[in-house]
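Colleague: I have a model open and would like to learn how to read it. Where do we begin?

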Amino acid sequence: MKIIDSEFDDLQMKEIQQGQEEGLDVSLYADPRFDDSEMWLIREGLEKGLDVSCYADPKFGGVQMKVIKRGLEDGIDVSVYADPKFNYRQMEEIFKGLKAGLDISKYDDPIFDDHQMSVIRDGLEKGLEISWYATPKFSWEEM
């Protein structure tokens, strides 16, 4: 892969060069749309043998990438939340529910904001009957 230096700043070039030195497929992140910290997240995932294809996409911001990467590291099926329709806080709430073995289908919908998701997840963790309040018509404070 031919890397054109002028497309990348010094920090991005450092990430690309480090990946090349490690024998990684830098084509997965040698994209000027990724900043150096996003490139680092992808490079680190490659080093760990993760399937970075689910987050090595400019449609995700760095914090979203980080939540997806953490799920992969924990062996979680990230396909549920590796979707740009969720902001990183919503992704985090879904991640926490999956990690706890909860039925996240009760709140894995972008119609719930992250605070609502947190209240629903907390109720599920406590074994509460959440069906009466797990609706977007209630604010998280009302839940």
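Modeller: We will take a few features in turn, general idea before particular case. One caution: this is a predicted model.

Colleague: Start with the core. Which residues touch the most other members of the largest nonpolar core?

Modeller: The general idea comes before the names. In soluble globular proteins, nonpolar side chains tend to be buried together. Here the largest nonpolar core has 40 residues, and Ile42, Ile68, Tyr81 and Ile120 touch the most other members. The helices α1 (10–21), α2 (36–47), α3 (62–73), α4 and α5 each supply at least two residues of this core.

Colleague: Take Ile120. What is Ile120 in contact with, leaving aside neighbours within four places in sequence?

Modeller: Its partners are Lys106, Tyr107, Phe112, Ile130, Tyr133, Ala134 and Met143. Ile120 is itself one of the buried residues of α5.

Colleague: Then let us read α5 as a whole. How many residues has α5, and how far does it reach?

Modeller: Compare the span with the expected one. α5 has 12 residues and reaches 16 Å from first C-alpha to last, close to the 16 Å expected at 1.5 Å a residue. Its buried residues are Asp114, Gln116, Met117, Ile120, Arg121, Gly123 and Leu124. The cover over them includes α4.

Colleague: What happens at the ends of α5?

Modeller: Asp113 caps the N-terminal end, with a side-chain oxygen 2.9 Å from the backbone nitrogen of His115. After the helix comes Gly127, with a positive phi near 75°.

Colleague: Now charges. How many salt bridges does the structure hold?

Modeller: Side chains of opposite charge can pair when their charged atoms come close. This structure holds 16 salt bridges. In one of them, Lys69 pairs with Glu44, and the closest N and O atoms are 2.6 Å apart. Lys69 lies in helix α3 and Glu44 in helix α2, so the pair ties together parts 25 residues apart in sequence.

Colleague: Are Lys69 and Glu44 buried or exposed?

Modeller: Buried means under 20% relative accessible area. Lys69 has 6%, so it is buried. Glu44 counts as buried too, at 16%.

Colleague: Which residue forms a salt bridge with Glu92?

Modeller: Arg70 does, with the closest N and O atoms 2.4 Å apart. Glu92 is in helix α4 and Arg70 in helix α3, so this pair ties together parts 22 residues apart in sequence. Arg70 counts as partly exposed because its relative accessibility is 26%.

Colleague: And Asp122? Which residue meets its side chain in a salt bridge?

Modeller: Lys126, at 3.0 Å from N to O. Asp122 is partly exposed, with a relative accessible area of 30%. Lys126 counts as exposed at 57%. Bridges can also share partners: Glu15, Glu22, Arg43 and Glu47 are joined into one network that way.

Colleague: Last, the loops. Where is Asp31, and why does it count as buried?

Modeller: Asp31 sits in the loop between α1 and α2. Its relative accessibility is 16%, so it counts as buried. Its side chain makes a polar contact of 2.7 Å with that of Arg33. Leaving aside neighbours within four places in sequence, Asp31 is in contact with Phe8, Gln12, Met39 and Pro58.

Colleague: Where does Asp103 lie?

Modeller: Asp103 is in the loop between α4 (88–99) and α5 (114–125). At 39% relative accessibility, Asp103 counts as partly exposed. A polar contact of 2.5 Å joins its side chain to that of Ser105.

Note on methods:
Residues are numbered from 1 along each chain as its sequence is written. This is a predicted model: local features need pLDDT of at least 70, side-chain atom pairs count only at pLDDT 80 or more; totals for chains, interfaces and linings use all residues. Side-chain values use heavy atoms; hydrogens and water are left out. Helices (H or I, at least four residues) and strands (E, at least two) are DSSP runs, numbered from the N terminus. Buried means under 20% relative accessible area, exposed over 50%, partly exposed in between (1.4 Å probe, protein chains only). A polar contact is a pair of N or O atoms within 3.5 Å; within protein, one must be able to donate a hydrogen and the other to accept it, and residues adjacent in sequence count only if both atoms are side-chain atoms. The expected span of a helix is 1.5 Å times one less than its number of residues. Contact means heavy atoms within 4.5 Å. A nonpolar core is a set of buried Ala, Val, Leu, Ile, Met, Phe, Trp, Tyr and Cys residues joined through side-chain atoms within 4.5 Å. A salt bridge is a side-chain nitrogen of Lys or Arg within 4 Å of a carboxyl oxygen of Asp or Glu.
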